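Reader: I'd like to learn how to read the sheets, helices and chain contact in a model like this one. Could you walk me through it?

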Amino acid sequence: MTALRQTLQMFVRNVRVLMRQPAYLLITLIQPIIWLLLFAALFKAVADIPGFKGTYLNFFTPGVVVMLALFSAGWSGMGAVEDIQSGVMDRMLTTPVWRGALNGGAVLYSAFTVMIQTVLIIVLALILGADFKGGVIGVIMMMIVGALLAAAVSSLSNAVGLLGRQRETVIGTVSFFQLPLTFLSTGMMQASLLPHWIRDVAKFNPVNWAVVAARAAAMQKTDWGVVGTRVGLLFALVLVSAFLAQRAFGRYQKSL
Amino acid sequence: METAIEAVELRKAYPPGVQALDGITLEVEAGTIFGVLGPNGAGKSTLTRVLCALTRPDSGTATVCGIDVIKDPVQVRHVIGVVGQKHGSDANATGRENLVLHGQFYGITGRDLRSRVDDSLERVGLVDAADRLVKTYSGGMARRLDIAMGLLNRPKMLFLDEPTTGLDPEARAEMWRDISVLAAGQDMTIWLTTHYMEEADNLASQLAIVDRGHVVARGTPDELKREVSGDTLQVELAEADDGSARLALSRMAGLDDVEVNGRALRARVANGGSALPGVLASLDNQGIKVASVTVARPSLDDVYLRYAGRAFEEADQEADPTSKDSFPPTTPTAV
């Protein structure tokens, strides 16, 4: 009970910081809009490639949701670095606070931000004429998928922040992975049009699990088999990542 | 005597091979201010972090208020308060928000939490600034907020790790007053690490001098100073000595290292106060007129020199830059 309460308290701390920085709040809200408009316009012609099924907007909307989850949660570790450098982390660690709450608050915050951003994308996509065949339930499932990926990425980013303790380490590591993971998925390009090796690699890519699940949930009559397996995998990843973040706290404290 | 801290043979090394703690054994009596004095890189902060259960030693054991810091770190955290070297407050939150979240970490909730937060804001004089963001606070105010956070859980043992480093002289003097008040008012033991001789001398009732991961001396500041070959007696003569003053004092028992340089006369003596009348009488007998007399007690600088075998400032400069105890070099030299 205390553990859960402290996680929520850490979450509230993060939300409050976001609210106090209007510029950052604005960027967080505008970014998804720009992405969807820009990418949908840029890749419109992809839909004309022989073998591509449907409109690019329908195809790409789940891709944007997942990319946002990956990109915004990726910076979560910056908060950990900031707390370490300012002394806040060590002060928190001298209290009996449940260690999981320190990571958990940031994870919840990442998941929450991505959900808000996803709502914006969905509204915009509807205006642009996207067709969510999965209905309300399918769309909610897509939000959950985005939040799960964000939660896993946030834990991993926090772990990098705790081990590296430098902004540069987080920036370097996160940007090293972001684009390759995006392109090694079916987020922007239909699987049948991808080179074989990428299709093979994508099977092991959590970003692709999320894209496949989001698409199968929201953009067609929901295929619960596809969604269920991928969500299961993502959920397992959330747990493994949280465990790794806990280990990183241990390593950090040992090195103090 | 009740023991607040008992540490036995604590060792901790950091890669690459920096032995921050090299077998530290010490005991702290409950209800006192225990000072830990040492230059940069001596291991003070590492020792503090081990005792706060913030990090684990490579070997050795320690208890705080009777609780084992290695086996039962969570219990230790409940009974201690910690004010670290760096500010521990979140600059993007208000003073009050910082205190509330800190209290929640101890599982304090509801009305109890609100009243504790109000009390501690009042106690450190931050009532008016309570709802301002900490980034608008002065250095002294932020430090007082740190103290308020350290006291929120009503600790039995308060750790202050270099609480005045980086503060201007005025804020430092204020902090000294606050620490004295804390020590007087409560049934609390205070652990104070410092880099300033003056601070240890003023505040600590018991002192450990730490150098290169070892405790090199223990005792009250006065005991430690007494062990360093006595006081220095300085006599200024009305006229330059023609040799008779030196002769008169050399014959006196208990005076060592008599040195005369023009009108200035120096000697070392076990107890300056009790030797003084004899010295004056003996000079008077010879018809030598005295302009002024001073008796200087040895400073902790002398003590440090004696036990660590090097001057404090020198040790400070030697400090390994990779050391965990290093600070910005901008702090004024108050040694």
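Author: Gladly! Let's begin with axes: they are lines fitted to C-alpha atoms, for helices over the stretch in contact, and angles run from 0 to 180 degrees between N-to-C directions. Two residues are in contact if their C-beta atoms, placed from the backbone, lie within 7 Å. Helices (H or I, at least four residues) and strands (E, at least two) are DSSP runs, numbered from the N terminus. In this predicted model, local features need pLDDT of at least 70 and side-chain atom pairs count only at pLDDT 80 or more, while totals for chains, interfaces and linings use all residues. Residues are numbered from 1 along each chain as its sequence is written, and chains are lettered from A and ligands numbered from 1 in the order in which they are written.

Reader: Which strands of chain B does helix α1 lie across?

Author: Helix α1(B), residues 44-51, lies across β1, β2 and β4 (59-64) of chain B, at about 120° to β1(B).

Reader: What is the order of the open sheet that contains β1(B)?

Author: Strands of a sheet pair through backbone hydrogen bonds, either parallel or antiparallel. Two strands count as paired if DSSP finds at least two bridges between them. Here the order is β2-β1-β4-β5 in chain B, with antiparallel pairing. β2 (18-29) and β5 (67-68) of chain B are at the edges with a single partner strand each, so one side of each has no neighbour in the sheet. Between β1(B), residues 3-14, and β2(B) there are 9 bridges, and Leu10(B) sits opposite Ile24(B) of β2(B).

Reader: Which strands form the open sheet with β13(B)?

Author: That sheet of 4 strands reads β12-β13-β11-β14 in chain B, again antiparallel. Its edges are β12 (255-261) and β14 (290-296) of chain B, and the twist averages 15° from one strand to the next. β12(B) pairs with β13(B), residues 264-269, over 5 bridges; Glu259(B) has Arg266(B) in β13(B) as its bridge partner. Helix α10(B), residues 272-285, lies across β11 (231-237), β12, β13 and β14 of chain B, running at about 160° to β14(B).

Reader: How many residues does each chain bring to the contact between chain A and chain B?

Author: Chain B gives 24 residues and chain A gives 21. On the chain B side, α2 (73-79) and α3 (95-105) each supply at least two residues, and α3(B) has the largest share, with 4 residues.
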